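I opened this model to record its overall build and then its packing. My entries follow in the order in which I looked things up.

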Amino acid sequence: MADPAGRSEAAHALAGALVRAGRMAADAGDQRAVGRAVRLVDEHGLETIAELWADAAPVTLPGVLWQLYLLRTWVRTDGVGVARLYERGQHAAPVCD
């Protein structure tokens, strides 16, 4: 989609729909539905959707989902490195529990 306004609108609509569907399943106690959604992402990835979110402002829902997607990908591809950086960073900026 070449139209920036159309991309932004699609990114927001898709992000909202995904969050609403996940929240409805969780609120209904349907852990199988939540599990299916997670497996769908694991099996097919979010690359195409994430590309749509990549240009979103960081304080918007699609922007936050993009950041979470990047963090999840980073942890899955270099969990040991992420843990090491987290450990080092804790001493510089304490993490609240």
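**Contacts and overall build**

I began with contacts, taken as heavy atoms within 4.5 Å: among those in the protein chain between residues at least 6 apart in sequence, 45% join residues at least 24 apart.

I noted the basis of the entries: this is a predicted model, in which local features need pLDDT of at least 70 and side-chain atom pairs count only at pLDDT 80 or more, while totals for chains, interfaces and linings use all residues. Residues are numbered from 1 along each chain as its sequence is written, and side-chain values use heavy atoms, with hydrogens and water left out.

I then looked up the secondary structure, where helices (H or I, at least four residues) and strands (E, at least two) are DSSP runs numbered from the N terminus. The protein chain has 5 helices and 0 strands, and its pattern along the sequence reads α-α-α-α-α. The radius of gyration of the protein chain is 16 Å, well over the 13 Å that the globule rule gives for 97 residues, so the chain is more spread out than a compact globule. Here the radius is taken over C-alpha atoms, and the rule is 2.2 Å times the number of residues to the power 0.38. Along its principal axes, the C-alpha trace spans about 45 × 35 × 25 Å.

For the surface, I used accessible areas from the Shrake-Rupley method with a 1.4 Å probe, with only the protein chains shown counting as cover for residues. The accessible surface of the protein chain comes to about 7,200 Å², and 62% of it belongs to carbon and sulfur atoms. I sorted residues as buried (under 20% relative accessible area), exposed (over 50%) or partly exposed (in between). Buried residues make up 20% of the 97 residues in the protein chain.

I checked the length of H1: at 1.5 Å a residue its 24 residues should span 34 Å, and its end C-alpha atoms are 34 Å apart, which agrees. The expected span is 1.5 Å times one less than the number of residues. In H1, the buried residues are Gly-6, Ala-11, Ala-15, Gly-16 and Ala-25. Just after H1, Gly-29 takes a positive phi of about 75°.

Which residues form the largest nonpolar core? I found 5 residues there: Ala-11, Ala-15, Leu-52, Trp-53 and Leu-65. Helix H1 (4–27) and helix H3 (47–53) are the elements that give two or more residues to this core. Such a core is a set of buried Ala, Val, Leu, Ile, Met, Phe, Trp, Tyr and Cys residues joined through side-chain atoms within 4.5 Å.

I followed Ala-11, which lies in helix H1. Ala-11 is buried, with a relative accessible area of 1%. Not counting residues up to four places away in sequence, Ala-11 touches Leu-52, Trp-53 and Pro-62.

Helix H4 (residues 61–77) has 17 residues and reaches 24 Å from its first C-alpha to its last, close to the 24 Å expected. Its buried residues are Pro-62, Gly-63, Leu-65 and Tyr-69. These cover an arc of only 160° around the axis, which puts them on the same side of H4; the arc is that of the directions from the helix axis to the C-beta atoms. I saw that the buried residues of H4 pack against H1 and H3.

In helix H3 I looked up Ala-50. Ala-50 counts as buried at 1% relative accessibility. Setting aside residues up to four places away in sequence, Ala-50 touches Trp-66 and Tyr-69. Ala-50 and Leu-65 are 15 residues apart in sequence and 8.0 Å apart in space, C-alpha to C-alpha.

Is Tyr-86 buried, partly exposed or exposed? Tyr-86, in helix H5 (residues 79–92), is partly exposed, with a relative accessible area of 46%. Tyr-86 and Met-24 are 62 residues apart in sequence and 33 Å apart in space, C-alpha to C-alpha.

Methods. Buried means under 20% relative accessible area, exposed over 50%, partly exposed in between (1.4 Å probe, protein chains only).
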